[in-house]
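Me: I've got a structure open and want to talk it through before I set anything up. Can you walk me through it?

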Amino acid sequence: MSVETVVPFVMVLIAALLPLSLLPVMIWAERKVSAFIQDRTGPNRAEILGIRLGGVIHAIADVVKLMSKEEMTPARVNRFYFVLGPFLALFVPLVSFAIIPLADSLNLGGTVIPLRAVTLNVGILFVLAVTSFHVYAVVFGAWASNNSFTLLGGLRSAAQMISYELGLGLSVVGTVMVAQSLDLGRIVEHQGGTLLGFLPAWNLFLQPLGFLIFLVCIFAETNRNPFDLTEGESEIVGYHLEYSSMKFAMFFMGEYIAIIGASAVTATLFFGGYQVPYLDTDFLRAHSTGVLRVMLVSMGAICFVLALLYRRYHRRLTALYHDRRRNEARMLGGMMLLMGLAAVVALLFVSPLPEAGGQVVVAAVQMTTLLVKILVVSFFFIWIRWTLPRFRYDQLMGLGWKVLIPLALLNIFLTGALLVFSGRT
Amino acid sequence: MNPYIPLLAVVAVAFILPVVLLAMSSMLGPKRDEAAKGDPYECGVPQLTPPRDHFPVKYYLVAVLFLLFDVEAVFLYPWAVVYRRLGILGLVEMAVFLTVLFLGLVYVWKRGALEWD
């Protein structure tokens, strides 16, 4: 087995498993950040052998609960479409993740191996095409349920999603004009280096108007606040009213994976994707041994700080309680201490890396950078949820058609004019 | 390698996962059938109207407008890729096209198709 055959397999696995492994993190973050913003504790009770991980276990408890509930199919529903709805809700966001470039291509003695699952030169069009399928999940689920409320809810959200898809498609055109390619890899490469000497050359700074329109549109596309009229938890009945058990959970999971996917696309298009600010791939590769050292030092430092925090937490708990809660802090603190020590030991044995090893280290750094960017954008999604009130439906459609689409057209024209008059054509 | 082969692999993984979840929940969950359970949810009263009855024509209008404008938006992509090679001529041509697109939007707007009341 040569490297060229192994890497694509690994990339497909990463592309499929990354959104799934981020899913519990996202659900946990949604609850904890909401709790933080509302000045309360948030989930902290569910435990496995005393381990609570600050509430992450609640996500596992949810899955177990939802899976062991009765799967109800109401009478007179259209069974095929009733199942197809939740299936598509989960399937579509999972596929859309495959196109994101995770790191710069490996270059081993002339053979270039792209570090992403699918390398298509129509990148952006693929993303738009696949995400537009999400509307079918809503429409099928709503129509098949044999209920007037779900039908109305489904129509409402379908109209919302297709309206904002227009703004979404038009806002990306400016980015394509700057990068001269639809390929996401090329768009990310184009965002390396700096602008005016001090800003990272991200599309965020080259396309500020396009970015704002794009951001508003993905909020509406993923049905998040302030555009969550599809569901509107306490006020309006949504399209998944008749669903129970795992089928309901699949809509829920799909929504969160769509948020992670939308964050990934935003990070790729406007925040420079895997590019580490100010340090381009060539620089990182030239100093790969130093990069590895910095990685190990920061990893060790984080582990030691966490170990210290766990030690203090353990002391506080010991003074208060006499149950299994004490064990968690001791165990995790010990683990952090061991990991920190491992990082220190590894640091002592670092020798200058061979070319291939250096490239792998750089790829790991770039993937981490992308992950951090995805998490920051996801955090922004949650932050907005508790900051802005919900739109009224006529305001929502008005914003989409009367504000965002003309603005997106203006953005395209301005980008074109600026490119011509700055002599970059 | 053909780039669509790994895409197929991703599609396969994304296909299997929901199927496994659905199968697991239908095996693990209890089954207790009662006549009233299958009724549509209408806040506790029997269903008053047929569920797939009339709905506002507005939604249909939005769908038609979406089709029109989306097709026009797709024309922008190939132009955007080669724009820098077209130069000022490309800008003028696209300005005309965008103006026509925008006039269409203005027409729809003035006719009141975008109002929800």
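Me: Which element of chain A does Ser245(A) lie in?

Reply: Ser245(A) lies in helix H10 of chain A. Helices here are DSSP runs of H or I with at least four residues, strands are runs of E with at least two, and both are numbered from the N terminus.

Me: What is the phi of Ser245(A)?

Reply: Phi of Ser245(A) is positive, about 55°, although the residue is not a glycine.

Me: And is Ser245(A) buried or exposed?

Reply: Ser245(A) is buried, at a relative accessible area of 6%. Buried means under 20% relative accessible area, exposed means over 50%, and partly exposed is in between, with a 1.4 Å probe and protein chains only.

Me: Before I go on, what kind of model is this, and how are things numbered?

Reply: This is a predicted model, where local features need pLDDT of at least 70 and side-chain atom pairs count only at pLDDT 80 or more, while totals for chains, interfaces and linings use all residues. Residues are numbered from 1 along each chain as its sequence is written, chains are lettered from A and ligands numbered from 1 in the order in which they are written, and side-chain values use heavy atoms, with hydrogens and water left out.

Me: Which peptide bond is cis?

Reply: The bond from Asn225(A) to Pro226(A) is cis, with omega near -5°. Pro226(A) lies in the loop between helix H9 (208-221) and helix H10 (245-270) of chain A.

Me: OK, zooming out. How many helices and strands does chain A have?

Reply: Chain A has 15 helices and four strands. The radius of gyration of chain A is 24 Å, close to the 22 Å that the globule rule gives for 425 residues, so the chain is as compact as a globular protein of that length. That radius is taken over C-alpha atoms, and the globule rule is 2.2 Å times the number of residues to the power 0.38.

Me: What about chain B, how many helices there?

Reply: Chain B has three helices and zero strands. The radius of gyration of chain B is 25 Å, well over the 13 Å from the globule rule for 117 residues, so chain B is more spread out than a compact globule.

Me: What do the two C-alpha traces span?

Reply: Along the principal axes, chain A spans about 70 × 70 × 45 Å. For chain B the spans are about 70 × 55 × 15 Å.

Me: How many charged side chains are in chain A, positive and negative?

Reply: Chain A has 30 positive and 24 negative side chains, and the centres of the two sets lie 9 Å apart. Lys and Arg count as positive and Asp and Glu as negative, while His and the chain ends are not counted. Each charge is placed at NZ of Lys, CZ of Arg, CG of Asp or CD of Glu.

Me: Last one: what does Ala98(A) touch?

Reply: Leaving out residues up to four places away in sequence, Ala98(A) touches Ala15(A), Ala117(A), Val118(A) and Val10(B). A contact means heavy atoms within 4.5 Å. Ala98(A) is in the loop between helix H3 (79-96) and strand S1 (103-108) of chain A, and it is buried, with a relative accessible area of 0%.
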